[in-house]
Amino acid sequence: MKPSPSQNTLNRMERETIVFWRRPHIVIPYALMEIAHLAVELFFKILAHKTVLLLTAISIGLAVYGYHAPGAHQEHVQTIEKHILWWSWWVLLGVLSSIGLGSGLHTFLIYLGPHIAAVTMAAYECQSLDFPQPPYPESIQCPSTKSSIAVTFWQIVAKVRVESLLWGAGTALGELPPYFMARAARISGQEPDDEEYREFLELMNADKESDADQKLSIVERAKSWVEHNIHRLGFPGILLFASIPNPLFDLAGITCGHFLVPFWSFFGATLIGKALVKMHVQMGFVILAFSDHHAENFVKILEKIPAVGPYIRQPISDLLEKQRKALHKTPGEHSEQSTSYLAWGLSLMVTFMILFFFLSIVNSLAKDYHKRLWERKRRQNKVE
């Protein structure tokens with residue numbers, strides 16, 4: 001006779017069906033109820049720290065008063081506000097890149113990479129880096145006079161370093177959810193809901209078997225190798241895997257959480273590796289690729305691709321030419337705005353990614369409420 005699945009397993013299997021595109025009539029109410037429960041829990045947790053709550057309320061009140069009160073300080077307030085919004089934007093993009101926007105597509109390719117490329121092209125086209133400091137206006141414009149100092153690689157690095165470091169820090173923050181999820185599951189001993197964590201546990205059990213090499217695929221063996229090295233090397237191992245382009249790094253968070261690696265050992269190594277080491281490598285690659293005439297050489301290489309080369313070359317060449325002309329506009333000059341098919345397609349793709357990411361959050365909230373109902377029912381049955 002086959003063993004029947006446990007109630008926990010049946011409950012988890014039912015929870016996996018709670019997704020918006022299959023059961024929207026359940027997902028939406030469950031998600032709203034979970035938000036309400038989280039809000040109530042947060043409210044009572046805040047009330048438990050009355051001193052901190054009082055000091056926070058006073059600080060917020062003073063900040064709001066200073067923000068709206070007229071005076072000479074308003075110029076500094078606006079500058080601080082612009083910088084905070086600018087910095088928060090790049091941190092948010094880094095977080096979204098790390099969690100993949102639900103699709104695994106890097107925001108580096110969509111936002112930060114093009115931003116570094118635009119600054120690099122502007123630096124060589126204008127022969128100056130004296131255009132405004134971040135946050136930039138809507139578009140970068142060449143200054144009226146050229147700089148007496150030659151544009152160098154390190155000057156461009158300094159120009160885009162803040163945005164790059166903030167984006168890298170955001171990617172490190174985005175690695176924390178798998179770590180906390182695996183850590184909480186290990187401490188509580190409950191059966192995990194997360195699919196990646198269950199695959200991690202199955203991989204660990206399969207790796208212990210004598211014929212593991214025959215049973216595991218190449219990808220599974222690679223995951224097993226990453227898990228073993230991270231667990232064995234600790235801080236240096238985490239730093240190494242965070243410093244290189246590594247699509248399996250999500251496994252590092254799950255591994256460190258499962259083996260109860262201290263938080264600062266995991267987050268510190270991840271932050272150093274992603275925000276300092278890997279970010280400078282990526283930033284340097286983009287700057288070199290778009291320095292001086294390298295962009296034109298890259299377009300010529302694209303043209304040599306069989307069948308599709310000429311069709312790819314022309315839109316990119318037009319885009320580069322428009323970018324150069326836009327750099328030489330005078331302040332207040334009107335220019336006709338046209339949207340290329342490439343930009344339109346990219347905007348549409350990002351919109352779908354954000355929508356999918358939003359739906360994944362709604363699904364997660366609904367599943368959490370379903371789990372909450374199951375835990376409440378189980379406690380009631382124990383009491384009875």
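The following legends describe close-up views of a predicted model.

Residues are numbered from 1 along each chain as its sequence is written. Local features need a pLDDT of at least 70 and side-chain atom pairs count only at pLDDT 80 or more, while totals for chains, interfaces and linings use all residues; side-chain values use heavy atoms, with hydrogens and water left out.

**Figure 1. Overall fold and confidence of the predicted protein.**
The secondary structure comprises 16 helices and 0 strands; helices (H or I, at least four residues) and strands (E, at least two) are DSSP runs, numbered from the N terminus. The mean pLDDT, the predictor's confidence in each residue on a scale from 0 to 100, is 76 for the protein, and 69% of the residues reach 70 or more. Among the elements, the lowest mean pLDDT (56) belongs to helix H9 (residues 212-215), and the highest (90) to helix H6 (residues 153-173). Residues 334-338 have a pLDDT below 50, and this stretch has 2 contacts in the model beyond near neighbours in sequence, a contact meaning heavy atoms within 4.5 Å. Where pLDDT is low, the predicted coordinates should not be read in detail. Of contacts between residues at least 6 apart in sequence, 73% join residues at least 24 apart. Buried residues account for 34% of the 384 residues; buried means under 20% relative accessible area, exposed over 50%, and partly exposed in between (1.4 Å probe, protein chains only). The protein exposes about 24100 Å², of which carbon and sulfur atoms supply 66%; accessible areas come from the Shrake-Rupley method with a 1.4 Å probe, and for residues only the protein chains shown count as cover.

**Figure 2. Helix H2 and the nonpolar surface patch.**
Val40, Leu42, Phe43, Phe44, Ile46, Leu47 and Leu53 make a nonpolar surface patch of about 620 Å². Patches consist of residues with over 30% relative accessible area and no salt bridge, like charges being joined within 9 Å and nonpolar side chains (Val, Leu, Ile, Met, Phe, Trp, Tyr) within 5 Å. Helix H2 (residues 24-47) gives the most to this patch, with 6 residues, and Leu42 lies in this helix. The buried residues of H2 are Ile26, Val27, Ala31 and Glu34. At 1.5 Å a residue, the 24 residues of H2 should span 34 Å, in agreement with the 35 Å between its end C-alpha atoms; the expected span is 1.5 Å times one less than the number of residues.

**Figure 3. Salt bridges of Arg372 with Glu34 and Glu41.**
A salt bridge is a side-chain nitrogen of Lys or Arg within 4 Å of a carboxyl oxygen of Asp or Glu, and by this rule the count comes to 3. Arg372 forms one with Glu34, the closest N and O atoms being 2.9 Å apart. This pair links distant parts of the chain, with Arg372 in helix H16 (residues 341-383) and Glu34 in helix H2, 338 residues apart. Glu34 counts as buried because its relative accessibility is 4%. Arg372 also forms a salt bridge with Glu41, again with closest N and O atoms 2.9 Å apart. Because Arg372 lies in H16 and Glu41 in H2, the pair ties together parts that are 331 residues apart in sequence. Glu41 is partly exposed, with a relative accessible area of 33%.

**Figure 4. Salt bridge between Lys274 and Glu175.**
The closest N and O atoms of this pair are 3.7 Å apart. Lys274 lies in helix H13 (residues 263-289) and Glu175 in the loop between H6 and helix H7 (176-188), so that parts of the chain 99 residues apart are linked. Lys274 is buried, with a relative accessible area of 7%, and Glu175 is also buried, at 3%. Elsewhere, salt bridges that share partners join Glu34, Glu41 and Arg372 into one network.

With 0% relative accessibility, Thr270 counts as buried. Leaving aside neighbours within four places in sequence, Thr270 is in contact with Ala172, Glu175, Ile238, Ala242, Phe249 and Ala275.

Tyr179 counts as buried at 1% relative accessibility. Apart from neighbours within four places in sequence, the contacts of Tyr179 are Gly253, Cys256, Gly257, Val261, Pro262, Phe263 and Phe266. The C-alpha atoms of Tyr179 and Ala252, 73 residues apart along the chain, are separated by 8.0 Å.
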